[in-house]
Amino acid sequence: MGKTNTKKKITIENRPELHIAKSPVTKPYNDIELDNWKNYSHIKTDTWWEFASRDNTNGHSNDYHGNYIPQIAQQLYERYTKKGDVVLDLFLGSGTSAIEAVNMNRRCIGVELKQEQVDIVKNKFSQKELVTDVRLICSDSSNKNVTEKIQAELDILRENKVQFLMLHPPYDDIIKFSDKKEDLSNCKNTDEFYALFKQTAQNGYDMLEKGRYAALIIGDEYKKGELIMLGFECAKRMQEIGFKTKACIVKNIEGNERVKGKTANLWRYRALNGGFYIFKHEYIYVFQKV
Ligand SMILES: C[S@@+](CC[C@H](N)C(=O)[O-])C[C@H]1O[C@@H](n2cnc3c(N)ncnc32)[C@H](O)[C@@H]1O
């Protein structure tokens with residue numbers, strides 16, 4: 001009879017100290033663990049985004065005509081930012097980008113032209129958050145000097161550049177936000193709107209870290225019976241600045257509508273009469289600074 005080999009085979013299971021911890025595979029611009037990619041079914045990867053309604057929880061409310069729905073920030077931050085990153089929003093409005101940044105353990109520098117709006121957003125955060133997480137600037141984002149103001153806030157946050165850029169400009173003059181001449185919703189004509197948008201996007205580009213991402217949320221408009229492709233035209237200006245285009249997402253706008261249904265019949269009559277179609281979508285363009 002041969003000898004039985006009683007030596008225990010050494011395996012990772014019975015000698016856990018031999019197990020070398022494997023660090024998760026992630027991209028430099030987000031925290032998604034690619035080796036667990038099946039756990040991220042909530043993250044959208046296709047170009048059609050449909051949301052039944054606005055998320056009005058966790059500090060968000062529909063208190064500003066023209067605000068975007070927080071689910072957009074949730075999706076973009078998870079795809080394109082890491083915890084602790086700084087988001088720059090050059091059209092802060094009611095502060096959706098900043099609220100969601102804090103909710104998701106990111107930080108935000110927000111620029112808004114109207115002082116009263118900045119004051120409203122200030123009241124949405126604690127004193128501590130206004131020091132360490134959210135920095136608010138009342139300024140004209142299309143003016144070159146805004147970059148110095150942003151740099152001063154970055155110094156306080158101990159950062160050199162921002163890691164994500166959010167641009168949600170007025171859709172030309174569809175909603176008039178103020179009578180100020182610097183207001184992009186108050187331009188003499190659409191060409192002036194494009195020019196101010198491009199200057200603003202350039203300021204954002206200059207403040208963004210290389211390799212990082214930017215998003216443009218925008219819809220088109222009808223003017224004098226003609227479709228004006230604001231989305232395409234603004235995206236083109238971003239390309240001219242040097243951004244590389246990564247995506248054009250189409251999102252339903254039902255969740256944005258405040259008076260849903262009330263004027264539906266009127267618009268349907270106008271569409272049939274004028275030979276056009278009623279907008280049901282807007283765009284989210286994604287760019288990278290290469
Ligand atoms: C479409 S809204 C942004 C809404 C915002 N994303 C939110 O969720 O509340 C555009 C904002 O840009 C502001 N704005 C217009 N022109 C500006 C400028 N030159 N510099 C900074 N902000 C400007 C308007 O006052 C308005 O609040």
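1. The axes of helix 1 and helix 2 (residues 96–103) come within 9 Å of each other and cross at roughly 50 degrees. Axes are lines fitted to C-alpha atoms, for helices over the stretch in contact, with angles from 0 to 180 degrees between N-to-C directions. Helix 1 is therefore oblique to helix 2; angles under 35 degrees count as roughly parallel, over 145 as roughly antiparallel, 65 to 115 as roughly perpendicular and the rest as oblique.

2. This is a predicted model, in which local features need pLDDT of at least 70 and side-chain atom pairs count only at pLDDT 80 or more, while totals for chains, interfaces and linings use all residues. Residues are numbered from 1 along each chain as its sequence is written, and side-chain values use heavy atoms, leaving out hydrogens and water.

3. Helix 1 contributes P70, A73, Q74 and Y77 to its contact with helix 2, which contributes T96, S97, E100 and A101 (contact: heavy atoms within 4.5 Å).

4. Eight strands form an open sheet of mixed pairing, in the order 1-9-10-6-5-2-3-4. Strands pair if DSSP finds at least two bridges between them; helices (H or I, at least four residues) and strands (E, at least two) are DSSP runs numbered from the N terminus. Strand 1 (48–49) and strand 4 (134–138) are the edge strands, each pairing on one side only.

5. Strand 3 (residues 107–112) and strand 4 run parallel, joined by five bridges. C108 stands opposite V134 in strand 4.

6. Helix 7 (residues 230–241) packs on the sheet, touching strands 5, 6, 9 and 10, and its direction makes about 165 degrees with that of strand 6.
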